[in-house]
Amino acid sequence: SSGINAEYGCHGKGYNQFWKLLLTGEIKNDGRCLDGDGENPRDVKLFKCHGLNGNQQWFITEEGFTRHGGSGKCLSHDGRHLLLLPCDQNDDRFYWHFTGSDPEVAKKFYAMHSKQFGYRTKAERQEAEREREKRDAERKELKRKERKEKEEREKQEEEEKAKMKREMVARSEEKKKKEAEERE
């Protein structure tokens, strides 16, 4: 099948329009699973469930996207077919609403899949960004201190060299003065 024909309106009776989002990450309809390969955007179809995740793995992001586990792309549509495309928060066709689901189950589902696939909530991303900025600031401060210490060492070395040079010049002048006095 080259996609799922969506030309019929919702009839509210279930059957072919009744979809289940399972905690395993599968989206099921009539015993088959939503399957996508991630390479061809229109290759989203119902396929025999295999339980191996990958191309049948889906999860809901905090933003409300239905993300494909195999490709990381998001479920969308063109009015007639389901599509797998890069997520676009400015396009309503990427947002899916699963009705009749328990909000606590949805939270568990999101938490389980976000940890498994490395996706994080907005708050987690913001916290990670703050931590990264803190580490960057600490690295910059450490480099600044190291640079300052290096400059101070170089300055001390230059001062030591200048002092030694002055002492050598002073000894040389004193030696010349003694030699001149001895000649007189």
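**Disulfides, salt bridges and strands**

Q: What do C33 and C49 form, and how far apart are their sulfur atoms?
A: C33 and C49 form a disulfide, with 2.0 Å between their sulfur atoms, where a disulfide is taken as a pair of cysteine sulfur atoms within 2.5 Å. The model is a predicted one, in which local features need pLDDT of at least 70 and side-chain atom pairs count only at pLDDT 80 or more, whereas totals for chains, interfaces and linings use all residues. Residues are numbered from 1 along each chain as its sequence is written, and side-chain values use heavy atoms, with hydrogens and water left out.

Q: Which hand does the link of C33 and C49 have?
A: The link of C33 and C49 is right-handed, with 100° about the S-S bond. It joins distant parts of the chain, since C33 sits in strand β3 (residues 32-36) and C49 in the loop between β4 (44-48) and β5 (58-60), 16 residues apart. Strands here are DSSP runs of E with at least two residues, helices are runs of H or I with at least four residues, and both are numbered from the N terminus.

Q: Is C33 buried or exposed?
A: C33 counts as buried because its relative accessibility is 0%, the cut-offs being under 20% relative accessible area for buried, over 50% for exposed and in between for partly exposed, with a 1.4 Å probe and protein chains only.

Q: How many disulfides does a search of the whole structure find?
A: The search of the whole structure finds 2 disulfides. Besides the link of C33 and C49, C74 and C87 form a disulfide with their sulfur atoms 1.7 Å apart. The link of C74 and C87 is right-handed, with 70° about the S-S bond. This pair also connects distant parts of the chain, with C74 in strand β7 (residues 74-77) and C87, 13 residues apart from it, in the loop between β8 (82-85) and α1 (103-117). C74 is buried at 0% relative accessibility, while C87 is partly exposed at 26%.

Q: What pattern do the disulfides of the chain follow?
A: Counting the bonded cysteines along the chain, the pattern is 1-2, 3-4.

Q: Changing topic, how many salt bridges does the search find?
A: It finds 7 salt bridges in the whole structure, each being a side-chain nitrogen of Lys or Arg within 4 Å of a carboxyl oxygen of Asp or Glu. One of them joins the side chains of D43 and K45, at 2.9 Å from N to O, and both D43 and K45 are buried.

Q: And which residues does R132 form salt bridges with?
A: R132 forms a salt bridge with E129, the closest N and O atoms being 2.4 Å apart, and R132 and E129 both lie in helix α2 (residues 122-183), 3 residues apart, about one turn of the helix. R132 is partly exposed at 36%, and E129 is partly exposed at 32%. R132 also forms a salt bridge with D136, with 2.7 Å between the closest N and O atoms. R132 and D136 are separated by about one helical turn because they are 4 residues apart in helix α2.

Q: Which residues do the shared partners join into one network?
A: D136 is partly exposed, with a relative accessible area of 22%. Salt bridges that share partners join E129, R132, D136 and R139 into one network.

Q: What about aromatic pairs, how many are there?
A: The count comes to 1 aromatic pair, where rings of Phe, Tyr and Trp (its six-membered ring) pair if their centres lie within 6.5 Å, planes under 30 degrees apart counting as stacked, over 60 as edge-to-face and the rest as tilted. The rings of F65 and F94 have their centres 6.4 Å apart and their planes at 85°, so they make an edge-to-face pair. F65 lies in the loop between β5 and β6 (66-68) and F94 in the loop between β8 and α1, so the pair ties together parts 29 residues apart in sequence. Both F65 and F94 are buried.

Q: Last one, in what order do the strands of the open sheet come?
A: The open sheet has 4 strands in the order β1-β2-β3-β4, with antiparallel pairing, two strands being paired if DSSP finds at least two bridges between them. The edge strands are β1 (20-21) and β4, each pairing on one side only. Strand β2 (residues 27-29) runs antiparallel to β3 and is joined to it by 2 bridges, and the bridge partner of N29 in β3 is R32.
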